[in-house]
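Biologist: I'm new to this one and would like to learn how to read it. Could you take me through it feature by feature?

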Amino acid sequence: MKVHEYQAKELLASYGAPTPKHVVCKTPDEVAAAFDQLSNGGGAMVKAQIHAGGRGAGQLLGHSEKLGGVKFASNRDKAKSIAELMFKYPLKTKQNGPEGQKISTIIVQADAEPAKEYYVAMTLDRSNGLPLLMASAEGGMDIEEVAEKHPEKIFKIHVSPETGLLPYQAQKLAFDLGFGNDHIGPVVKVLTAISKLYFEKDASMVEVNPLAVTKKGEVVVLDAKVDFDDNAGFRHKDLAPLRDLTEENPTEIRAAAASLNYIQLDGTIGCLVNGAGLAMATMDMVNYYGKEFGIGPANFLDVGGGVTAENAVEAFRIILSDSKVKAIFVNVFGGIASCARIAEALVKAGREVGFKVPVVVRLEGNEVEKAREILNAVKDEIPAIKVAPTLTDAAKMVVELAK
Amino acid sequence: MSILIDKNTRVITQGITGSAGSFHTDKSAEYSPHSYVGGVTPKKGGTTWTGKESGKSLPVFNTVAEAVAKTGANASMIFVPAGGAADAIMEAADAGIKVIVCITEGIPVLDMAKAKRFLANKPGVRMVGPNCPGVITPGECKIGIMPGYIHTPVKPGSTGVGVLSRSGTLTYEAVFQLSQLGYGQTTCVGIGGDPIIGTNQIDCLKLFQEDPQTEAILMIGEIGGTAEEAAAEYVKKHVTKPVAAFIAGQTAPPGRRMGHAGAIISGGSGSAADKIKALEAAGIVVAKTPADLGTAVKEAIARKK
């Protein structure tokens, strides 16, 4: 689960990290009032809250001038007019889709102009299964670029899940980054807060970018990003309210409610598969045979091991709710589950949902003969169902039908 | 021959009285009845579990230590719910279980990070999974949720293929194709789809390379992480047997979790294209589509001849 910048900074602040003051706003008037409160005779930052990164370099779609999601406002009126534009136009960044994301929350942040910027993040090192705290004095730069061109400029410390980040480790990292004696204390506070948040709330990533030393000489977390491990959600009920459903695809939310694992893509062939690996491989197969005709998968959908008639029906409803879908590819390998049960679910879905596009079915495994008989018996009643003899035949057939 | 498990393996199920644990113990005991010796569910110790299909009756114990002491079990199949599964892994390791197969999916990553550290101090213990279909040595022992009937034991004169995979149903697809081509399987290991797993690709490659009956290896990977790249490097240096592979997720969008928590492409690393390049550079035959898994093995064998 991703959260917004302001939520990430409030969490880090609760663990002792210094952050600039901010006020969360839902209207341009609130932004103006927050400006009065935080500008202190100078200006303040106006920052759009969406999950996608790259907000500063992004663009408000439909606005004629260059304006992204992060802007310094020198006075109250400017803050208000920037907010009006941000609430009006969706924000497109390099990390989100072509239609951008509607902005429903803005923060006004006390000005903390950075003199120097650093990058710090904690995430899992999959190569050894240990959390890794990494930092670089090349803040502001694209960290992936630093990792590629100057790997020696990224300092890394593995953190034991039993002890958490130890004080000496935090200090060492602060010294490695080149902080002066005056700044070691506050930097250690930030690093400790990152580690505590990571471990105590089961984060899968905590990123502070940039960690800044301001022109006034203060160490502050200027921007932060946190992603939580969904598997640990059961023990962090307090985090549930931080979820912003407007950031998520409504169809994906609906699918999750039916225990379906669904991700919308931009192709025209709907896929219904059992198992995550086979579901990915099925998309690949559609792409393999369809690419030359500009045909690709419309979705990833894993119905899981225990396919029931109910969730299969819902799966078809979800796939068909995508108006781009021109054909559906059902690829099921019945392992423990019986193919006959899946065939029955297909018939039920055909009767209840009504297939307005062709449905190519490839079944293999347990009780496949019985399944073919069931589907054969309804071939006049539900002509949309087309049974393919092999996986390759099915892929070619579904691509042909989607042309 | 085989790897990890064979006809002498003695298995207990942790979480045997839960619905999934009970169902799959029953199916597994139907396949290899001699393998199953007991189960563990705290506070249900002293009762007897009976499988509906297999008719097998097994004693239930409160703790793994007690189950090991009374039954001589050396392997465990874990169906404990996600919140307690990492603890179940550590309990099994502490009780002297040598092969721990964790089927449970959805375990918090930090719980697994702790369990992995715990296992580092238990030499000789092998954990497979979590979030995996399990391990099967066809005709000898099945620990997991895979359909037994699709597998083929290696018969005299037939070629034995070792299978290792991050995916469940895709493995069944592979095994089905291998069986159709007349290849037997020495052992099929579902290593699991999570970011932190016990036995990894390289561990399996090493075991298959050392197993005299395994003549070829099929590795099924997916996007996310760099384990396949590391495995390719290992094959280049240490594996003399023919190796074929497949990578699922060539069309997956970056940054999204494709069903398995481990299947996320992040920051340009972990993409299918990178993995396929690394595998091919190591002389591994990479199947173009999931319909070519069996034929890729055939080609890998032909190339080495």
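Biologist: Let's begin with strand pairing. Which residue of S4(A) is the bridge partner of Lys47(A)?

Modeller: The general idea is that strands of a sheet pair through backbone hydrogen bonds, either parallel or antiparallel. Keep in mind that this is a predicted model. Here, Lys47(A) has Val70(A) in S4(A) as its bridge partner. Strand S2 of chain A, residues 44–48, runs antiparallel to S4(A), and four bridges join the two.

Biologist: And what is the strand order of the open sheet in chain A?

Modeller: Read across it and you get S1-S6-S2-S4, four strands with antiparallel pairing. Strand S1 (22–25) and strand S4 (70–73) of chain A have a single partner strand each, so they stand at the edges with one side lacking a neighbour in the sheet. From one strand to the next, the twist averages 20°.

Biologist: Which helix packs on that sheet?

Modeller: That's helix H3 of chain A, residues 76–88. H3 touches S2, S4 and strand S6 (106–110) of chain A, and its direction makes about 5° with that of S2(A).

Biologist: Can we step back to chain A as a whole? How many helices and strands does chain A have?

Modeller: Count 12 helices and 18 strands in chain A. Its C-alpha atoms fill a box of roughly 80 × 50 × 40 Å along the principal axes. The chain is divided into domain 1 (21–110), domain 2 (114–242) and domain 3 (250–402). Between domain 1 and domain 2 of chain A, the C-alpha centres lie 26 Å apart.

Biologist: What about the interior? What share of the residues in chain A is buried?

Modeller: In soluble globular proteins, nonpolar side chains tend to be buried together. In chain A, 46% of the 403 residues are buried. The largest nonpolar core has 204 residues, and those with the most contacts inside it are Leu191(A), Ile194(A), Leu301(A), Val398(A), Ile78(B) and Ile89(B). Leaving out residues up to four places away in sequence, Leu191(A) touches Val120(A), Leu133(A), Leu165(A), Ala170(A), Leu173(A) and Ala174(A). Another core, of 23 residues, lies apart from it and includes Ala32(A), Leu60(A), Leu91(A) and Val108(A).

Biologist: Now for the two chains together. How many residues of chain B are in contact with chain A?

Modeller: To read an interface, ask who takes part on each side. On chain B there are 48 residues, in contact with 45 residues of chain A. Helix H3 (82–94), helix H4 (109–120) and helix H5 (169–180) of chain B each supply at least two residues of that side. H4(B) gives the most, with seven residues. By class, the side of chain B that touches chain A has 24 nonpolar, 15 polar and nine charged residues.

Biologist: Which domains does the assignment give for chain B?

Modeller: It gives domain 1 (11–128) and domain 2 (146–304), with 26 Å between their centres over C-alpha atoms. Nine residues of domain 1 of chain B are in contact with eight residues of domain 2 of chain B. H4(B) supplies the largest share of the domain 1 side, five residues. That side has seven nonpolar, no polar and two charged residues.

Methods. Residues are numbered from 1 along each chain as its sequence is written. Chains are lettered from A and ligands numbered from 1 in the order in which they are written. This is a predicted model: local features need pLDDT of at least 70, side-chain atom pairs count only at pLDDT 80 or more; totals for chains, interfaces and linings use all residues. Domain bounds come from an automatic or database domain assignment. Two residues are in contact if their C-beta atoms, placed from the backbone, lie within 7 Å. Ala, Val, Leu, Ile, Met, Phe, Trp, Tyr, Cys and Pro count as nonpolar, Asp, Glu, Lys and Arg as charged, and the others, Gly among them, as polar. A nonpolar core is a set of buried Ala, Val, Leu, Ile, Met, Phe, Trp, Tyr and Cys residues joined through C-beta atoms within 7 Å. A residue is buried if 20 or more other C-beta atoms lie within 10 Å of its own, exposed if 12 or fewer, and partly exposed in between; C-beta atoms are placed from the backbone. Two strands pair if DSSP finds at least two bridges between them. Axes are lines fitted to C-alpha atoms, for helices over the stretch in contact, and angles run from 0 to 180 degrees between N-to-C directions.
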